[in-house]
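Here is a short report on a single protein chain. Keep the sequence and the coordinates open while reading.

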Amino acid sequence: MAGGTRLESAQQMEPTAFKALYSFEKPKPEDENLISFCRVGRRGLQATQLAWNLGYKGARNYEGAYREWFQKEGWVEDLPAQGCLS
């Protein structure tokens with residue numbers, strides 16, 4: 001899983017380095033909702049499973065993936081690419 005290495009690396013970063021790289025606060029293992037998603041669903045599920053293994057018990061997978069969101073909500077032009085860890 002290519003994204004797993006990046007997710008594991010991000011989880012091990014100091015909070016200030018994480019924020020500098022991704023422009024948002026590093027999630028905490030006790031956070032209730034850490035949502036993973038991808039275009040089809042496979043990588044989102046893998047990222048969720050990895051997050052669980054790393055202690056993020058609030059990790060969730062958006063099973064419908066980006067395809068479902070796009071069909072229901074439409075296009076967002078300013079979607080930040082850096083925010084994706086999977």
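The report covers the basis of the model, an annotated cysteine, an alanine, an aromatic cluster and a salt bridge.

## Basis

This is a predicted model, where local features need pLDDT of at least 70, side-chain atom pairs count only at pLDDT 80 or more, and totals for chains, interfaces and linings use all residues. Residues are numbered from 1 along each chain as its sequence is written, and side-chain values use heavy atoms, with hydrogens and water left out.

## The annotated cysteine

UniProt, in an unreviewed entry, places the feature "active site" at Cys 38. UniProt positions follow the numbering used here, feature names are shortened, and annotations may be inferred rather than shown by experiment. Cys 38 sits in the loop between β1 (34-36) and α3 (42-53). Helices (H or I, at least four residues) and strands (E, at least two) are DSSP runs, numbered from the N terminus.

Cys 38 counts as buried because its relative accessibility is 7%. The cut-offs are: buried under 20% relative accessible area, exposed over 50%, partly exposed in between (1.4 Å probe, protein chains only). Setting aside neighbours within four places in sequence, Cys 38 is in contact with Arg 43, Gly 44, Ala 65 and Tyr 66. Contact means heavy atoms within 4.5 Å.

## Ala 65

Ala 65 belongs to helix α4 (residues 65-73). Its relative accessibility is 0%, so Ala 65 counts as buried.

Beyond neighbours within four places in sequence, Ala 65 is in contact with Cys 38, Arg 39, Val 40 and Gly 41.

## Aromatic cluster

The structure holds 3 aromatic pairs. Phe 18 and Phe 24 pair edge-to-face, because their ring centres are 5.5 Å apart and their planes meet at 85°. Tyr 22 and Phe 24 form a tilted pair, at 6.3 Å centre to centre and 45° between the planes. Rings of Phe, Tyr and Trp (its six-membered ring) pair if their centres lie within 6.5 Å; planes under 30 degrees apart are stacked, over 60 edge-to-face, the rest tilted.

Phe 18, Tyr 22 and Phe 24 form one aromatic cluster. Phe 18 is buried at 1%. Tyr 22 is buried at 6%. Phe 24 is partly exposed at 32%.

## Salt bridge

Side chains of opposite charge can pair when their charged atoms come close. The structure holds 1 salt bridge, defined as a side-chain nitrogen of Lys or Arg within 4 Å of a carboxyl oxygen of Asp or Glu. Lys 19 and Glu 25 form it, with the closest N and O atoms 2.8 Å apart. Lys 19 is partly exposed, at 40% relative accessible area.
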